Amino acid sequence: MMKVLMPNSIVFLAALAVPLVVLVVLRINAVMVFLGLCLGTVLVRFVGGDAGSLLSFAAPHSAGSVSKSSIDLFLLLGPAMATSVFMLFSIRGHIRTMLNVLPAAGTAALGVLLTVPLLAPGLRNAIEKQATWRQFSRAQDLIVGVSALVCLIFLWTQRRHLGEGHKHHRR
């Protein structure tokens, strides 16, 4: 018997699928976006607490209308989004484009794992109550570990080999 997906499960699955499709179709280097998410996590952890104070200093009229959740989401996703824009069409070649699916899947999974806890309480609770989320979050160590390993391997294989790039000839 097939279970009918609840609307929040569909949102959860879309949150996984949309970044994956965008990264692959737009040939965005998913490894760099993964690193952008890692930087965003560092920003949330070390800057997030003071970001509200900085915002109220820089823009006193708008600071009260921006929630901590919104600031944290901006800090988390900002570097990844900026990286995505700068990395548009950076993957060249059919094989590399197809192989980019692996780090893109890891990047999408990491993005969901990091984003859901930062959502507004109502939406966060609705997603966290779903069986799909509970299974996904139980596997977070495996997801993050495998994704990081895949991204590292792809990062290491993307470096230029001797003889590529600028050719210098001694005369």
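**Close-up views of an all-helix model**

**View 1. The whole chain.** The secondary structure comes to nine helices and zero strands (DSSP runs, helices being H or I of at least four residues and strands E of at least two, numbered from the N terminus). This is a predicted model, where local features need pLDDT of at least 70 and side-chain atom pairs count only at pLDDT 80 or more, while totals for chains, interfaces and linings use all residues. Residues are numbered from 1 along each chain as its sequence is written, and side-chain values use heavy atoms, with hydrogens and water left out. The chain has 171 residues, and 32% of them are buried (under 20% relative accessible area with a 1.4 Å probe, protein chains only; over 50% is exposed, in between partly exposed). Take contacts between residues at least 6 apart in sequence: 83% join residues at least 24 apart (contact means heavy atoms within 4.5 Å).

**View 2. The largest pocket.** About 540 Å³ of space lies here. A pocket is an open set of points on a 1 Å grid over the protein atoms alone, where a 1.4 Å probe fits, with protein on both sides within 12 Å along at least five of seven lines; lining residues have an atom within 4 Å of a point. The lining holds 24 residues, and A15, P19, L77, M81 and T115 are the closest to the centre. Helix α1 gives the largest share, seven residues. Helices α1 (7-25), α2 (30-46), α4 (68-86), α6 (101-115) and α7 (121-128) each supply at least two. By class, the lining has 20 nonpolar, four polar and no charged residues.

**View 3. The second largest pocket.** About 150 Å³ of space lies here. The lining is I91, I95, R96, L99, N100, I153, F154, T157 and Q158. Helices α5 (94-99) and α9 (140-157) give two or more residues each. Five lining residues are nonpolar, three polar and one charged.

**View 4. An aromatic cluster around F12.** Ring pairs link F12, W133 and F136 into a cluster (Phe, Tyr and Trp rings, the latter by its six-membered ring, pair if their centres lie within 6.5 Å; planes under 30 degrees apart are stacked, over 60 edge-to-face, the rest tilted). The whole structure has three aromatic pairs. F12 sits in helix α1 and W133 in helix α8 (residues 131-138), 121 residues apart. F12 is buried at 4% relative accessibility, and W133 is buried at 7%. F12 and F136 are also edge-to-face, at 5.1 Å and 75°. F136 lies in helix α8 and F12 in helix α1, so this pair ties together parts 124 residues apart in sequence.

Methods: Grid points are joined across faces, edges and corners, and a volume is the space filled by probe spheres set on the points. Ala, Val, Leu, Ile, Met, Phe, Trp, Tyr, Cys and Pro count as nonpolar, Asp, Glu, Lys and Arg as charged, and the others, Gly among them, as polar.
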